[in-house]
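Here are a few notes to read with the model open beside you.

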Amino acid sequence: MQTASHVQAYRAGLLHFHADPAFAEQAHAWHADGLLIVAAGKVVAAGDYAQLAPTLPAGTEVVDYRGKIITPGFIDAHIHYPQTDMIASPAPGLLPWLEQYTFPTERAFQDPAHAAAVAEFFLDELLRCGTTTALVYCTVHPQSVDAFFTASEARGLRMIAGKVLMDRNCPDFLCDTAEQGGRETEDLIRRWHKHERSLYAITPRFAPTSTEAQMGVAGELARAFPDTYLQTHVSENEDECRWVKELYPAARSYLDVYDRYGMMRPRAVFGHCIWLDEQDRARMAETGSAAAVCPTSNLFLGSGLFDFERADQARMLMALATDVGAGTSFSMLQTMNEAYKVARLKGSYLPALRMFYLSTLGAARSLHLEDTIGSFAAGREADFIVLDPQATPLLARRTANTDSLEEMLFALALLGDDRTIAATYSGGRRVHARGQK
Ligand code: GUN
Ligand code: ZN
């Protein structure tokens, strides 16, 4: 029986990034016949098979994935695990969708057994789609966080998650208070942050569902625990933006509400960021905050189109994200497919290489985790996936006549989904193999 400390090697096409292809000439490394060497759950080396194979210890098994492509595992920068069972629930926009489907569905997470069962299904689904790290919203119930991290640690995954804070404009059964939410968050930080591979995210749902007192508490926690994450929603929907203006009349903008409470900082991740202005974008960049870009959700709810060009002009950190259950797919490939079309509708263009960057190293940089995950630099955690260009008859036919890496990746992004993921590895261990339970 092999353990994670044995040297393991994988032969395939290898793709990873060391820079952002939007700003660097040669941002990626591509080894058409590559070898990835892993030991003790970490990357030892990645390069050409012909160069690296002779360095392997005698007797090392080489897993043969020739014809397939290995990349770092996908990172989903914004997803709600409790909304798994309500994905694809129709409503005329964000606010009615929250009322009609989201809040009643989240109520059930007061039951730890229900939370545990949904967490297991959710993690299965992420791994089937090749997502090895996600920034996850739980519900207002602390037990929903315990259930989530218990399940993700049992699989050895690197996950970031937190308890939703909300103390107004929500049903009584989902309401905490500034004091209680703060205390529960602090307890959860002490229990889970940096425990095994878990990381904690302070999670005020969005400005309309927190009182000023609770926003103050969230900001204080963000200052008191600077290496935790902070996640929330901002400028997703125009009705929501109008509502925030009424609730916080003194703020310059919706994003400024969070800024005033000290919530903009490295490891703060703001979902959506559609209706930002130039000053907002400059603040995002200045503070090291990141945008989670959620195209399937934004198209599904009719929220709007993220402006990739302006975000790049401001040098904002950003990452792609599903936002399930408003997002309509767990697959980051399907998310790239929709991101590409959103960019086109805004008159800009997202190459496939950029979309793979924004789902791997770019996302790791947005999370300030680039020394840990997101590439195959030596010492990174060995979270990787095996993409199969022959996964479906159509993909096989299309990819048989692509002329470049860009064309191949583009076909995978536009036509791919969970079927495209032949295998998923986390910390050097296989955690999903297509066709096997
Ligand atoms: N804004 C506040 N809560 C939510 C949520 O659960 N999903 C989305 N898409 N937007 C939100
Ligand atoms: Zn969301």
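1. Start with helix α12, whose buried residues are M332, L333, Q334, T335, M336, N337, E338, A339, Y340, V342 and A343. Buried means that 20 or more other C-beta atoms, placed from the backbone, lie within 10 Å of the residue's own. Helices here are DSSP runs of H or I with at least four residues, strands are runs of E with at least two, and both are numbered from the N terminus.

2. A word on the source: this is a predicted model, where local features need pLDDT of at least 70, side-chain atom pairs count only at pLDDT 80 or more, and totals for chains, interfaces and linings use all residues. Residues are numbered from 1 along each chain as its sequence is written, while chains are lettered from A and ligands numbered from 1 in the order in which they are written.

3. Back to α12: 11 of its 14 residues are buried, so the rest of the structure largely encloses this helix. Just after α12, have a look at G347, which takes a positive phi of about 80°.

4. Now helix α6 (residues 212-224): its end C-alpha atoms are 18 Å apart, which agrees with the 18 Å that 13 residues should span at 1.5 Å a residue. That expected span is 1.5 Å times one less than the number of residues. Its buried residues are Q214, M215, V217, A218, G219, L221 and A222.

5. Finally, find the open sheet of seven strands, with mixed pairing and the order β3-β2-β1-β4-β14-β15-β16. Its edge strands, β3 (42-48) and β16 (429-433), each pair on one side only. Pairing takes at least two DSSP bridges between two strands. Strands β2 (residues 28-39) and β3 run antiparallel, joined by six bridges.

Definitions and conventions: Buried ≥ 20, exposed ≤ 12 C-beta atoms within 10 Å, placed from the backbone.
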